[in-house]
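Work through the exercises below with the model at hand. Try each task before reading its solution.

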Amino acid sequence: MRAAVYHGPGDVRVEDAPEPELDAPTDAVVRVTHTAVCGSDLWFYRGDSDRDAPSYVGHEPMGIVEATGEEVRSVDPGDRVFAPFKISCGSCEFCRTGLHTSCVHGDGWGGDNGGAQGEKIRCPHADGTLVRVPDSHADDEDALRSLLPLTDVMGTGHHAAVSAGVGAGDTCVVIGDGAVGLCGVLAARRLGARRIVAVGHHADRLALAREFGATETVAERGDAAIERVLELTHGGADHVVECVGAASSMAVAAEVCRPGGTVGYVGVPHGLDDGLDLFSFFGDNITLRGGVAPVRAYAEELMADVLQGTLDPAPVFTKTVDLETVAEGYRAMDDREAIKVLVEV
């Protein structure tokens, strides 16, 4: 088969790779039809995080089940499925409470299961990981394109909004105009927020934020952004959704959150070498909740909304490539020519 392989910063190649096979009775082999390039993939692509080279890449797979181990019960060969970015058993103490990212048997994509930017993957713990798409939508390309973000960015944006405590009638601030931040806007609207202030730096992305439900947008930076948000929210919001993970964005989140409010954070921490200044959180009794998103916990409820037409994160895909040209997808995202890249396999 063919698969994307990381060889070093700026160097992703598509190469021949051995086809994955069933290794345990709880495994499934999936032929990948759709996947994506994630903003978090850019960390190793830019050399900002360590990764073995060579190594298989990708963590947002959707496809058709080709084979299942004898203990797999939730899916059969021929089923359309998608998988979250983390593998989970579905039955341990953490999975049972919805914290699949802390699964005691958890794993990531790559290694001997064949990274998800390839033609096939082996899915350990298939019953706990794979999400079956109803037959009625299994071949609906528009629906599949809208479901694919549930493997990561839509579930992550939703986790941020839930962690921030967003509810009906609330005012919230969403910091970040990448795919996760835009999905955070969708999630806040889905949860019933009355006002959603989206903060970012790119006019085209903030325009999409408005399409997704933002009532106001803020393009200023630094102190100017804080002043503008405080003006719009009359002193700050009770719910702040932080989707960047930088020291600067966390500082903005603390400043625009009202005393006693909550910041829900899902941005992968970076630029925090000197630590996070907690004094502003401490002084105003601001709650900080979030972390890596257990997207498997949200998959069914979000899928139901997608399939009934009330939730559509597909517009975050602004460029489509095939597997052989996946390196162009990395380049386009690195150069900010695309918000998120869909890979058709």
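**Exercise 1.** Leaving aside its neighbours within four places in sequence, which residues is Leu22 in contact with?

*Solution.* Start with the ground rules. This is a predicted model, where local features need pLDDT of at least 70, side-chain atom pairs count only at pLDDT 80 or more, and totals for chains, interfaces and linings use all residues. Residues are numbered from 1 along each chain as its sequence is written, and side-chain values use heavy atoms, without hydrogens and water.

Step 1: Contact means heavy atoms within 4.5 Å.

Step 2: list the partners. Leu22 touches Asp27, Ala28, Val29, Ala67, Thr68, Gly69 and Arg122.

Step 3: locate Leu22. Leu22 sits in the loop between β2 and β3 (28-37). Helices (H or I, at least four residues) and strands (E, at least two) are DSSP runs, numbered from the N terminus.

Step 4: take one partner. Ala67 is 45 residues from Leu22 in sequence, and their C-alpha atoms are 7.6 Å apart in space.

**Exercise 2.** Which side chain meets that of Asp27 in a salt bridge?

*Solution.* Step 1: define the link. A salt bridge is a side-chain nitrogen of Lys or Arg within 4 Å of a carboxyl oxygen of Asp or Glu. Side chains of opposite charge can pair when their charged atoms come close.

Step 1: name the partner. Asp27 meets Arg122, at 3.0 Å from N to O.

Step 2: Asp27 lies in the loop between β2 and β3, and Arg122 in strand β9 (residues 120-123). The pair links distant parts of the chain, 95 residues apart.

Step 3: check burial. Both Asp27 and Arg122 are buried.

Step 4: count. The rule gives 22 salt bridges.

**Exercise 3.** In what order do the strands of the six-stranded open sheet run?

*Solution.* Step 1: read the order. It is β13-β12-β11-β14-β15-β16, with parallel pairing. Two strands pair if DSSP finds at least two bridges between them.

Step 1: find the edges. β13 (216-218) and β16 (287-290) each pair on one side only.

Step 2: look at β14. Strand β11 (residues 171-175) pairs with β14 (residues 237-242) over four bridges. Val174 has Val241 as its bridge partner, and Ile175 stands opposite Glu242.

Step 3: cross to the next strand. β14 and β15 pair over five bridges. Here Glu242 has Tyr265 as its bridge partner.

Step 4: check the cover. Five of the six residues of β14 are buried.

**Exercise 4.** Which residues of α9 are buried?

*Solution.* Step 1: list them. They are Ser249, Met250, Val252, Ala253, Ala254 and Val256.

Step 1: find the cover. It includes β11, α8 (222-232), β14, β15, α10 and β16.

**Exercise 5.** How many bridges join strand β1 and β2?

*Solution.* Step 1: count. β1 (residues 2-8) and β2 pair in the antiparallel sense over six bridges. Ala3 stands opposite Glu15 in β2.

Step 1: The open sheet has three strands in the order β2-β1-β4, with antiparallel pairing. Its edge strands are β2 (11-16) and β4 (55-56), each pairing on one side only.

Key
Buried means under 20% relative accessible area, exposed over 50%, partly exposed in between (1.4 Å probe, protein chains only).
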